[in-house]
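Dear colleague,

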Amino acid sequence: MSLELLTPSEFPAFPYDPPYAIQVDLMRHLYASIEQKAVTIIESPTGTGKTLSLLCAALTWLTDEKDRAKKGKMKAVAGDSDSNDAAKDWVIQQTLERVRRELEADEEAYEERLAQARKREETIRRMARARVHKKQKTVPDKSKDTSTDDDDDQFLPETDDQPSSSTEGEVYISPALRALMAKLEKPSDRQENEEETTCTKIFYASRTHSQLAQVLPELNRLKLRRPVSVTNHHPEHCLSVQLGKRSCNEDSEEVPLVNIRAVSLGSRKQLCINDELRKKTRDLDEACRELLGEKGEKRCQYLPPIGEEARMLDFRDQILASPKDIEELADAGRMAHICPYFGSRRAIPQAELVTLPYNLLLQKNAREALGIILKDQVVVIDEAHNLIPILLSLSTTQLSFSVLSTSLQQVCTYISKFRTRLSPANMLHLKRLVVFLDALKKCALEWKDSKIGKPPNEKTEVMTVIELTERMGRKASGINLLEIERYLKSSKVARKIAGYSDKQTEKNADPAAQRQIRKGIIPPLHTIEDFMLSLTNTNDDGRVTFSLIGSPGKEEVELKYQLLNPSPNFMEVVDEARAVILAGGTMSPISDVINQLFAHVPSERITSFSCGHIIPEDNLQTLVVSKGPRGGELEFKAEKQKDPIAIAELGQILLNLASIVPSGMIVFFPSYNFLNAAKAIWLKSGMLEKFGTKKKVFFEPEETVDVDKVLREYALAIQTLPTPTSAKKGGALLFAVIGAKLSEGLNFADDLARSVIIVGLPFANLGSPELRERMKYVKRLEEKRGIEKREKGQKDAATELYENMCMNAVNQSIGRAIRHRGDWASLVLLDRRYATSSIRSKLPKWIGSKMLVTEGFGQTVKELGSFYRNKRV
């Protein structure tokens, strides 16, 4: 279907009639992008129904694609014959009818199976609710390790002839409920080796599980209909589904309107329901893998025994029968006594919508572990303004000197203990590992000795992987790191070494030390594995940083590997998927996203879409304040951020604004240092007390645990003080930091933010060696591409990167205020640099087009006063 043919009526699943024009435009663009196998960047402000529009367009395309696939099968059966032979035509028609019946029967049978899964789940839920008042008993731990201290065979490396399982699964449920579940879930005639059908799917990723939890309610709003009856073909039931009713009578099961098989993916941390396992000291992933054995006593109690795969298949159907977020999936696993982590993995092939956090999509090893295949699938990445920094962070590995030393010591102890029991191949790999660790440790110590006593700016050094290898010496440079990394992964020897080391430590330690050991951390050699794998990147995109951290006399070397280019880890996703959609409330500057992530993609495959806001134009006021009350230009560069005179003038500006702005007023500073410096000066001068006469004052806490408390008190202060219609403005004033805890993901709707004020520009510290190296890198890339001549006023790639990093952070803070169609607020940018064309062009279009640069502070006060007077009811 071409873009020109799309009309609003072709999105019948959209729940609101009529949709806003910008929602229709977004859905048309997204549908066409998927159809044309494009990479597209979508910018849709918060409050415009972005998630709902993305789901509706993507699932409308998916439904059309399923219909096309069915027609394709029918066409293949019919063939390309143009024969007029009546007998032959009759045979073809009969064959088509048979294939049509088979397709409908398969679909009906599958829907019936999901209906039965819903029925089982609902019955179990009713039983559970009936017993919720009873006190649950604790399940005795039947999986205690009965091995003796002398049994060290468990610590030997695994070989290819040692089979390993790849499945998981229980929590206490009353005996009556357990008996009912056994009756309902008895796999009577389920085929253990039934063929797993796969289908085209939408992978919908976002940054956090809380953001993904907002997707399923939007999915349930869509007016998608179930195409076939799922309750014994009663005509009245089919009619009730068509009319959008939940059920046709009290006795029939509730059938969700949404006809999309969805599964939510998460890590073991979110989905493990083995409470005893979670209490153990070892890394949860490793502890889980230890309970995947075939022997009953070593197998997790929430995993069906070997040979009872049908229980897992039934649970898979239960997952797909109705959309569940992570918490609901964990609850379903507890009731079914089946591991939801492995159950969700089994549901992926047959799911049509898969929601998952960024890391499970972007990391190749995570995709492989889950069995995710992106070939010809649709990938939607929401909140994509985070994508570039997250890609860079996922490719960053840190290695402390203490972990390096511990790993070397553990490997040496292990070799000494098991020397006579290790095969020659194992010994060879482990000796090579010792040589590498020893060389890296000596290199770090030599570097540390050369930096002791040097000034702080000389206690960090950035080098290439080749330079690090040369410093480690000839023996280390001849080692094949990929070969060792493969050995560590296949033999699982890192876990064996850590287990043996923990055992020996527990033997020799006092009870208090033993309890500390059981709290545990990731085995040191796993960190070594990650660092070694990073060093195998032989291209010019990676850098290794040595840093001296800690107080004088207790300084330690920290090693860090980082990629300077975010695109390599994302390239496979782009190349494999049919279409990739990056969506966010503020994606500006879009050119920066294209340059950093899609330089290898043909320009004709890249599209973008940016829409305005759904609010009326007069609901948003954007002012650039370039001059203060004294007439001087406002420019809060680094040298001004500790200047008492500049900070005093800023305080007077904010006091004047607080006298005009009703209810909530949020002021974002570029950094904690600037905010703390201003707070100290204002406290001394009495300006903070003056703020308190206008509004109750709050500051963003530096500790995450205190954020909720501050937000509650801030909201309460706004609710209890005079309303915007009062003569006295009242309300609350919240000081926050751009890029910190309050600048993203929070909803300051309505009175919580009638004005957002941005002080200065949050440029990153150019003194950072990592940032300087990245800027050098992008500049070299520009030179390699032959881009030497630039238009007048055009900045080089390094300067553009530096500026874009700043504006990405600003744009997120700006988006905190306007959260829905009826919302209104003013946006005040305190710095003359916001009026420059380069900065202004990197603001979201729905802001930049309505921006007013005031000629003096008097005009600022006048414009603000007029805006709020017009908003009084």
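**Salt bridges**

The structure, which is a predicted model, holds 26 salt bridges.

One of the salt bridges joins R221 to E218, with the closest N and O atoms 2.1 Å apart. The two residues are separated by about one helical turn, because they stand 3 residues apart in helix α6 (residues 215-221). R221 counts as partly exposed, since its relative accessibility is 38%, whereas E218, at 17% relative accessibility, counts as buried.

A further salt bridge is formed by the side chains of R471 and E461, at 2.4 Å from N to O. This pair links distant parts of the chain, with R471 in helix α19 (residues 465-472) and E461 in strand β7 (residues 460-463), 10 residues apart. With a relative accessible area of 39%, R471 is partly exposed.

D751 and R754 also form a salt bridge, in which the closest N and O atoms are 3.0 Å apart. Here D751 is partly exposed, its relative accessible area being 26%, while R754 has a relative accessible area of 7% and is therefore buried, the limit for that class being under 20%.

Salt bridges also link E633, E635, K637, D831, R832 and R833 in a network.

**Helix packing and nonpolar cores**

Helix α21 (residues 481-491) and helix α24 (residues 524-535) have axes that come within 9 Å and cross at roughly 145°, and the crossing in which α21 passes α24 is left-handed. On the α21 side the contact is made by L481, L482, I484, E485, L488 and K489, and on the α24 side by E529, M532, L533 and L535. Sorted by class, the contact of α21 with α24 has 7 nonpolar and 3 charged residues, and no polar ones.

As for the nonpolar cores, the largest has 65 residues, and F570, L582 and F598 are those with the most contacts inside it. Another core, of 46 residues, lies apart from the largest one and has C443, I479, I484 and L488 among its members; I484 and L488 are also among the α21 residues that make the contact with α24.

If residues up to four places away in sequence are not counted, L582 touches T40, I41, I42, I381, A384, L387, F570, M587, V593, L597 and F598, and this list includes F570 and F598, which are named with L582 as having the most contacts inside the largest core.

Q562 is found in strand β9 (residues 556-563) and counts as buried, because its relative accessibility is 13%. Leaving aside residues up to four places away in sequence, Q562 touches S395, T396, D541, G542, R543, T545 and E770.

I348, by contrast in its setting, lies in the loop between α13 (340-347) and β4 (353-357). Is I348 buried or exposed? At 3% relative accessibility, I348 counts as buried. Its contacts, again not counting residues up to four places away in sequence, are with K201, L265, L370 and I372. I348 and L320 are 28 residues apart in sequence, and the distance between them in space is 9.2 Å from C-alpha to C-alpha.

With kind regards

Notes: Residues numbered from 1 in each chain as written. Predicted model: local features only at pLDDT ≥ 70, side-chain atom pairs only at ≥ 80, totals over all residues. Heavy atoms only, no water. Salt bridge = Lys/Arg side-chain N within 4 Å of Asp/Glu carboxyl O. Helix = DSSP H or I, 4+ residues; strand = E, 2+ residues; numbered from the N terminus. Buried < 20%, exposed > 50% of the residue type's maximum accessible area, 1.4 Å probe, protein only. Axes fitted to C-alpha atoms, helices over the stretch in contact; angles between N-to-C directions. Left-handed = near helix turned anticlockwise from the far one by under 90°. Contact = heavy atoms within 4.5 Å. Nonpolar A, V, L, I, M, F, W, Y, C, P; charged D, E, K, R; others polar. Core = buried A, V, L, I, M, F, W, Y, C linked by side-chain atoms within 4.5 Å.
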